[in-house]
Amino acid sequence: MNGLQQYQQINTQTSITDADPHKLIQLLYQGALERINMAKAKLQAGDYDAKGKLILKVMDIVAALRGFLDKEQGGDLSERLDALYEYMERALWEANARNDVDRLDEVADLLRSIKEGWDGIREEVVAQQQAG
């Protein structure tokens, strides 16, 4: 492992250790987006094994995001997100099987949209945590 990779791993571990639940979800979105970009690069380089491993990691992240949904408190929104995450999992599987960059871009766009909304409520969540 080179120095940059070691720094990134330590930085990531520190971020996770210091993160509240809202921040952890932000980190998952960011990690999924980074891995999609890396998978696209591996696909374009013809490294199909590495591409497949990266897409599987993204699928694991999306599955984790689905697992964090609180369907009792989240109501209709959590049901819609669950369906969207399920769609993303299928799209990622297809992207992997067909080496389809467009499907990877589609999933990245969806994740980015959800992440922007999640990032947008950060201040409200922090204020609630400090008040409670």
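Predicted model: local features only at pLDDT ≥ 70, side-chain atom pairs only at ≥ 80, totals over all residues.

Which helix gives the largest share? That is α4, with 6 residues.

Next I looked up the space in this pocket, and I have it down as about 460 Å³. I count 16 lining residues, and the closest to the pocket centre are L69, D70, L77, L81 and W118. By class, I get 11 nonpolar, 4 polar and 1 charged residue in the lining.

Then I turned to the pair α4 and α5. Helix α4 covers residues 71-98 and helix α5 covers residues 101-120. I noted that their axes come within 9 Å and cross at roughly 155 degrees. Are they roughly parallel or roughly antiparallel? With over 145 degrees as the cut-off, α4 and α5 are therefore roughly antiparallel to each other. I also wrote down the hand of the crossing: α4 passes α5 left-handed.

Who meets whom? On the α4 side I listed L81, L84, Y85, Y87, M88, A91, L92, E94 and A95. On the α5 side I have R103, L104, E106, V107, L110, L111 and I114. Sorting the residues of this contact gave me 13 nonpolar, no polar and 3 charged.

Definitions and conventions:
Residues numbered from 1 in each chain as written. Heavy atoms only, no water. Axes fitted to C-alpha atoms, helices over the stretch in contact; angles between N-to-C directions. Helix = DSSP H or I, 4+ residues; strand = E, 2+ residues; numbered from the N terminus. Parallel < 35°, antiparallel > 145°, perpendicular 65-115°, else oblique. Left-handed = near helix turned anticlockwise from the far one by under 90°. Contact = heavy atoms within 4.5 Å. Nonpolar A, V, L, I, M, F, W, Y, C, P; charged D, E, K, R; others polar. 1 Å grid on protein atoms, 1.4 Å probe; cavity = no way out; pocket = protein on both sides within 12 Å on 5 of 7 lines; lining within 4 Å. Points joined across faces, edges and corners; volume = space filled by probe spheres on them.
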